[in-house]
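Please keep the sequence and the model in view while reading.

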Amino acid sequence: MTRLGCWLAVAALVALAGLADAGSNCSAADATRNCIDGLVVPIWRPFLDLTTGDRVLRGVLYFFVIAYMFLGISIVADRFMSSIEVITSMERTIVVKRPGLDPMEVQVRIWNDTVSNLTLMALGSSAPEILLSIIEVIARGFEAGDLGPNTIVGSAAFNLFMIIAICVVVIPKGEIRRQKHLDVFCVTATWSIFAYVWLYLILAFFSPGEIEIWEGLLTFVFFPLTVGTAYMADIKIIQNRFLPHRYRRGSHGQMIATEAEEMKMLENGSPQGADPALKAFEEHRQEFIELMREIRKQNPHITPTELQKQAEYEMISRGPKSRAFYRVQATRRLIGGGDIVKKRIDKEHNKALDAAQEKQLRDNTCKIFLDPAHYTVLESVGSFDVVVGRDGGPDGLTVMVDYFTEDGTANAGSDYIPVKGTLTFYPEDKHQKVTIEVVDDDVFEEDEHFYLRLTNLRVRTKDGIIIDPTRIGGLPVAQLEMPNTATIMILDDDHAGVFGFDHDHFQVVENCGHLSLQMKRHSGARGKVVIPFRTIEGTAQADKHFEMKEGEIVFEDNQTEATIDIGIIDTEQYERSDYFYIELSPPIWAKKMNDLSRIQERFQRRMERKRGSSVASESKDSNTETALAPTDKSTRAASVDLLQPCSDPRRSSQSNSPHLTSRFRNRLGSWIAGMKGGDDEVTTALTPSQLEIAEMGKPRLGEFTKCQITIRESKEFQGIVDRMIKNANTRIMLGTHSWREQFMEALVVSAGDDDDDDEEGDDGEEKEPEEPGCMDYFMHVLTVPWKLTFATIPPTDYIGGWATFVVAIFMIGVLTAVVGDLASQFGCWVGLKDAVTAISFVALGTSVPDTFASKVSAVQDKYADNAVGNVTGSNAVNVFLGIGIAWSMAAIYHWNKGTKFLVDPGNLGFSVLIFCVEALLCIAVLVLRRSKKVGGELGGPTALRWMTSMFFCSLWLMYLLLSALEAYCIIPGF
């Protein structure tokens with residue numbers, strides 16, 4: 001359809017050329033009015049009394065030169081729009097405070113989308129038309145010309161009729177596109193029609209044939225008014241501030257919003273008056289999350305790397321993009337620049353490969369490290385090895401490193417045997433060991449630790465010279481990996497142990513699948529101990545967010561660690577903070593050490609030392625030996641007495657331990673519950689000292705017995721979404737970092753992929769990258785001079801894009817001045833008036849890039865705002881800036897000279913009036929298409945979309961025909 005529109009435009013130009021030959025110029029002066037020297041290009045002399053052949057030859061030559069100049073304008077406009085995208089994509093950080101959650105920092109754009117579209121974006125897409133109008137006035141000595149104003153009107157007609165006609169039919173079959181921001185579209189459409197009505201009024205009503213200063217200045221003032229009212233409509237300031245109660249009551253008494261967007265806002269729970277930037281951020285992020293889930297469902301077996309690459313392309317391609325992006329993309333595909341998104345993703349992928357290669361180079365450094373850096377050993381272990389590893393480095397390298405032990409809470413000599421020495425790693429060695437001996441004693445004490453440190457790394461060359469590896473220069477050939485200190489924890493094993501969690505609060509990510517929560521046993525590891533546990537609901541619901549579980553953890557004799565496994569259910573939320581609890585119950589000593597008498601003797605000796613009385617100690621020793629040593633049977637009976645509670649605890653405690661409280665007796669009962677001996681075991685009472693010893697040696701819970709588990713969002717999933725949001729910022733796609741990058745892009749040709757191509761094949765696999773075609777190479781060779789010329793423009797990274805903005809708009813101005821001169825002289829050779837050349841040839845040349853950009857936008861975007869809404873905004877801005885600035889300057893100049901600024905309202909006024917009438921019809925049709933029968937401005941049923949497209953095309957042809965007939969005095973005008 002785009003090609004059909006272009007051929008239709010060419011046919012219209014041919015018809016107008018024929019009309020020029022058939023019609024009259026209304027006066028003899030009109031025949032040579034545009035045969036004058038231009039501001040930059042002088043007229044090709046001689047220009048009078050030329051033969052038909054000469055005129056045709058010059059006309060064809062000028063035609064191709066002007067077309068090539070338009071191609072150059074499109075390329076430099078590419079750079080200009082890139083700078084605008086970088087400027088308007090600047091972001092600010094806002095902190096969102098959330099009840100019950102940590103504050104969240106969100107990056108949102110500084111520029112409002114509507115404001116940027118109507119200011120810099122509109123200036124970028126319409127810069128040739130606006131600058132042509134201003135330059136023409138200056139070139140003619142501040143006198144009115146026909147080329148600039150008629151180009152603005154002709155470009156507006158082509159944009160509104162032909163571009164929308166193409167966009168209506170290119171939508172995939174069965175789909176529609178609607179305006180998302182209908183209120184903004186209504187505002188910009190109103191201003192676009194008003195702009196041309198106002199232009200007609202100042203031409204033919206207020207002061208016919210003359211433009212006064214107030215008319216020119218007021219025309220310019222309408223520009224900020226347009227931006228302001230559109231911004232107010234975008235943020236719904238009237239609805240939110242002045243009409244807060246526009247609701248109706250439903251049949252069940254509920255309040256229902258009168259507008260669909262307000263209802264959607266209420267359903268989403270967003271408060272009125274929320275930051276529009278934050279609201280847009282949340283909407284975009286939710287779209288990205290849904291897209292991620294869709295890709296996972298379609299490709300369940302795709303590799304993570306391919307999934308990430310595909311997700312990046314899809315999210316950037318389908319994500320929200322500006323009109324500047326589509327304009328630049330259309331131009332680059334036209335000139336053999338390829339797909340912007342694919343090239344940028346491939347570039348980032350190559351960066352990742354370069355980083356991997358750099359990492360590989362760094363891997364040539366020999367690394368000495370502790371493997372692992374933390375050891376937990378029992379006091380009775382005797383000796384153990386600390387492993388020091390070696391990885392990487394050049395071949396044939398001998399590495400030496402010193403080691404020594406250092407006290408922590410454990411003391412050298414009494415708790416461990418200190419060591420000190422040097423480890424030598426020969427070229428074939430991958431590991432070395434340091435053997436450390438732990439001193440075992442019978443004294444109950446807290447867990448202790450000490451350190452083994454590595455230091456003084458050095459290498460030995462083949463000739464025996466020992467040197468510091470960090471002083472060789474460049475990357476070190478060897479280095480100590482952090483941490484360079486091993487921590488050795490000594491667990492006292494003279495106690496059943498203290499059980500618990502390291503902390504009372506843990507966090508897990510929702511995509512982990514299951515939680516493995518570690519329990520620790522310290523201060524002893526004697527016997528088999530059972531720890532009951534259970535999960536308790538919090539805000540997280542059982543079997544919806546986590547696996548409800550109740551069970552037991554068994555610690556075997558000398559076992560110091562165990563894990564509780566709980567299933568975690570992934571709900572794929574971007575932000576999440578649900579929690580539940582795991583609670584431990586009192587431990588049960590299921591099986592103590594085999595020699596119970598030995599541990600009782602240990603505890604008794606400790607108690608004796610604690611009392612500090614040698615006499616009492618001897619008495620205790622005598623009593624204990626009498627109680628514990630008679631026979632095997634009596635010993636077994638004592639064990640049974642310790643493992644099995646009395647049938648009458650109250651009687652036992654009264655007769656044997658009158659000083660013990662009932663609380664202690666209950667605790668002792670819970671400890672020995674379930675510990676039963678053989679059938680021949682009998683129950684005997686415990687002495688007070690035995691009970692105290694038993695109390696000290698029994699297992700117990702530590703400080704943290706209840707742990708809160710908070711389920712947080714997956715950082716991987718959140719990171720992917722955040723990265724996609726960042727990548728969807730087209731500033732990354734369009735921006736350049738250096739002149740070198742720009743010149744490389746100028747010299748490289750890429751395949752201009754079709755817009756409708758899918759990134760994947762039918763089997764879900766990524767398609768092979770396409771090679772550039774003949775047309776790509778032809779356009780590349782044709783445009784290389786322009787590409788190299790405009791590669792000299794400063795990169796967009798300089799001064800936030802403003803350097804590119806200033807230099808690019810200057811170059812656009814220079815080219816526009818040349819095009820204005822050539823177009824006027826082209827009319828001289830083929831007999832076309834400036835007014836007709838402007839509304840047809842020049843308007844078409846300036847609007848072709850916008851045509852391709854709108855077509856791609858209509859196909860790829862979810863809504864019609866970029867394809868339709870920006871057309872109306874640009875049309876209004878063209879008048880308010882192009883006419884307002886040019887005619888204000890001229891009016892002020894003539895006022896200063898004491899003269900009047902005269903503008904012939906004839907052909908321009910007639911052309912504006914025709915456009916206004918047809919624009920009303922076009923807007924009315926678009927509004928009617930939002931009805932249920934069609935559903936949106938673009939797309940819809942096949943018959944209706946083609947009827948609409950043909951109607952819009954006929955409006956443009958009618959506009960051209962009537963304007964040309966009036967220009968050649970075939971029909972009467974004003």
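Predicted model: local features only at pLDDT ≥ 70, side-chain atom pairs only at ≥ 80, totals over all residues.

Residues are numbered from 1 along each chain as its sequence is written, and side-chain values use heavy atoms, with hydrogens and water left out.

**Overall make-up**

- The protein chain has 27 helices and 26 strands; helices (H or I, at least four residues) and strands (E, at least two) are DSSP runs, numbered from the N terminus.
- Of the 974 residues in the protein chain, 49% are buried; buried means under 20% relative accessible area, exposed over 50%, and partly exposed in between, with a 1.4 Å probe and protein chains only.
- Among contacts in the protein chain with a separation of 6 or more, 79% are between residues 24 or more positions apart, where contact means heavy atoms within 4.5 Å.

- Strand β16 (residues 498-500) runs antiparallel to β18 and is joined to β18 by 3 bridges; two strands pair if DSSP finds at least two bridges between them.
- In this pairing, V498 stands opposite H522 of β18.
- Strand β21 (residues 561-567) is also antiparallel to β18, with 7 bridges between the two, and G567 of β21 stands opposite H514.

**A sheet of four strands**

- An open sheet with mixed pairing is formed by 4 strands in the order β11-β8-β6-β14.
- β11 (431-437) and β14 (478-480) stand at the edges with a single partner strand each, so one side of each has no neighbour in the sheet.
- Neighbouring strands of this sheet are turned by 20° against each other on average, direction ignored; axes are lines fitted to C-alpha atoms, for helices over the stretch in contact, and angles run from 0 to 180 degrees between N-to-C directions.
- Within the sheet, β6 (residues 366-370) and β8 (residues 383-391) run antiparallel and are joined by 4 bridges, and F369 has G389 in β8 as its bridge partner.

**The disulfide and buried cysteines**

- The structure holds 1 disulfide, defined as a pair of cysteine sulfur atoms within 2.5 Å.
- This disulfide joins C35 to C828, with an S to S distance of 1.8 Å, and the link is right-handed, with 105° about the S-S bond.
- The pair links distant parts of the chain, 793 residues apart: C35 is in the loop between α1 (2-22) and α2 (52-88), and C828 is in helix α23 (residues 802-830).
- C35 counts as buried at 6% relative accessibility, and C828 is buried at 2%.
- C167 is buried with a relative accessible area of 0%, and C366 is buried with a relative accessible area of 0%.

**Helices α5 and α25**

- The axes of helix α5 (residues 182-204) and helix α25 (residues 865-897) come within 8 Å and cross at roughly 30°.
- The residues of this contact divide into 15 nonpolar, 7 polar and no charged; Ala, Val, Leu, Ile, Met, Phe, Trp, Tyr, Cys and Pro count as nonpolar, Asp, Glu, Lys and Arg as charged, and the others, Gly among them, as polar.
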